[in-house]
Amino acid sequence: MKGCPVLSQLIWCVVLLLALLPISASARQEKKTAPQVIVKGRVACLDESGQRLNADQDDSPTSSVYELLTAAGQRFHFSSEDLLLPIFTEARVRQMELQITALLHEKSVLELEKVQAVKDGRLYDIYYFCRVCNITAYAPGPCPCCYARLEFMETPAP
Ligand SMILES: [Zn+2]
């Protein structure tokens, strides 16, 4: 007597599923291995030779490479594709003591999650804002909606 083909197929499926499950679970974990860190320090723009420019100097338009230097002397870098990176464009942000929440990747590269300013021990959210359109942005420049100049905002962090 032959075994029921449907039943044997079902068993096959279960076996396959069990074999695949641990792989997909570990693959999902691997994506999350970058630990979240909170670091304080000052960000500077680097020139072509990797030297930190003064905070009041404008970025060289050809290279916007930034580096975070902590009070303890640790240095961190950022991916050039980081969507929050334009927050460092203006000198006023680079003159502030910053608290950065980020995911730490290998070679001390930070993936920005939040950039805040520290003033007199208090934490401030910093961003650009258009009052007319109620639009928040991380980069200075014209409002994408009404083209008015975005306003730099510092609000006490909740
Ligand atoms: Zn606007």
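Start by selecting Leu68, which touches Val39, Gly41, Val43, Arg75, Phe76, Ile100 and Leu110, leaving aside residues up to four places away in sequence. Keep in mind that what you see is a predicted model.

**The whole chain**

Zoom out and switch to a cartoon view. The protein chain has 2 helices and 8 strands. Followed from the N terminus, the order of elements is α-β-β-β-α-β-β-β-β-β. How much of the chain is buried? Buried residues make up 12% of the 158 residues. Contacts can also be sorted by distance along the sequence: among those between residues at least 6 apart, 49% join residues at least 24 apart.

Select residues 109-119, which form strand E5.

- Strand E3 covers residues 75-78 and pairs with E5 in the parallel sense over 2 bridges. To find the place, select His77 and its bridge partner in E5, Val109.
- Strand E4 covers residues 97-105 and runs antiparallel to E5, with 9 bridges joining the two. Here, select Ala102 and look for Leu112 of E5 opposite Ala102.
- Strand E6 covers residues 122-130 and is antiparallel to E5, joined to E5 by 4 bridges. Select Val118, then its bridge partner in E6, Leu123.

While still on E5, pick Lys114, a residue of this strand. Is Lys114 buried, exposed or partly exposed? Lys114 has 14 other C-beta atoms within 10 Å, so Lys114 is partly exposed. Draw a distance from Lys114 to Gln99: the two are 15 residues apart in sequence, and their C-alpha atoms are 8.2 Å apart in space.

**The turn between E4 and E5**

Follow the chain back from E5 to E4. These two strands form a hairpin with 3 residues between them. Select Lys107, which is found in the loop between E4 and E5. The phi angle of Lys107 is near 60°, a positive value in a residue other than glycine. Lys107 is exposed, because 7 other C-beta atoms lie within 10 Å.

**The turn between E5 and E6**

Go to the other end of E5. E5 and E6 also make a hairpin, with 2 residues between them. Asp120 sits in the loop between E5 and E6. With 4 other C-beta atoms within 10 Å, Asp120 is exposed.

**On to E6 and E8**

E6 and E8 pair in the antiparallel sense over 6 bridges. One place to check is Phe129, whose bridge partner in E8 is Glu151.

**Last stop: Gly141**

Finish in the loop between strand E7 (135-137) and E8, where Gly141 lies. Gly141 has 13 other C-beta atoms within 10 Å and is therefore partly exposed. Draw one more distance, from Gly141 to Tyr128. These residues are 13 apart along the chain, with 8.6 Å between their C-alpha atoms.

How values were computed:
Residues are numbered from 1 along each chain as its sequence is written. This is a predicted model: local features need pLDDT of at least 70, side-chain atom pairs count only at pLDDT 80 or more; totals for chains, interfaces and linings use all residues. A residue is buried if 20 or more other C-beta atoms lie within 10 Å of its own, exposed if 12 or fewer, and partly exposed in between; C-beta atoms are placed from the backbone. Two residues are in contact if their C-beta atoms, placed from the backbone, lie within 7 Å. Two strands pair if DSSP finds at least two bridges between them.
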